[in-house]
Amino acid sequence: MAGLNSQMMLDTRVLEKFSQLPEELTKAARRAVVKTNRWLRAVSMADLGYELSIDGKAMKTRFRVYKRGQTSKLWVGVREVGVHRLGKPVQGRDGVTVGRRFYKGAFISPMDSDQLLVFRRQSRARKSIKMVTVDISEQSEEIIESYLPELNRKFEEHFHHEFKFVLSGA
């Protein structure tokens, strides 16, 4: 029987990529964490804006992603939002209507702003005027907690994508 006698040369440069693997794995994990955090920011911001009928511009400043070293944090501002963010305020006889909500005894005034803000007098004193606001802390907490079970799955999805990118050598 005749055998095949050939000399094959293997390209071992592929193995050099794997020597960098632990370092590349941490980079992939860091990128996956940041992408997961951005995903959580986007979906929770959209849901809260939809639930409360608040424009996206007001929500952008309340959701921020911070990256530092190996960690990525999502900061959510849960202070009260001025009702002028819920829609266009319309002055009526007994108060102000914003969107579908009515605020009895309220009035509209720009007061050092380019927007029409909604205020209500607390008492007869001159300085007792307060801006009418709506609390968003409970809704934002509920929305973010509703996405926590999906967080690990989303991280795995982003990590697999980043790991494939590392393995491709791109």
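A polar contact is a pair of N or O atoms within 3.5 Å; within protein, one must be able to donate a hydrogen and the other to accept it, and residues adjacent in sequence count only if both atoms are side-chain atoms. The model is predicted, with local features needing pLDDT of at least 70 and side-chain atom pairs pLDDT 80 or more, while totals for chains, interfaces and linings use all residues. Residues are numbered from 1 along each chain as its sequence is written, and side-chain values use heavy atoms, without hydrogens and water.

View 1. A polar atom of the serine 140 side chain lies 3.1 Å from the backbone oxygen of serine 137.

**View 2. The surroundings of serine 140.** Serine 140 counts as buried because its relative accessible area is 3% (buried means under 20%, with a 1.4 Å probe and protein chains only). Beyond its neighbours within four places in sequence, serine 140 is in contact (heavy atoms within 4.5 Å) with Leu48 and Val78.

View 3. Helix H2 (residues 21-52) has 32 residues and should span 46 Å, the expected span being 1.5 Å times one less than the number of residues. Its end C-alpha atoms are 46 Å apart, which agrees.

**View 4. The protein as a whole.** The secondary structure consists of four helices and ten strands. Of the 170 residues, 28% are buried.

Key
Buried means under 20% relative accessible area, exposed over 50%, partly exposed in between (1.4 Å probe, protein chains only). Helices (H or I, at least four residues) and strands (E, at least two) are DSSP runs, numbered from the N terminus.
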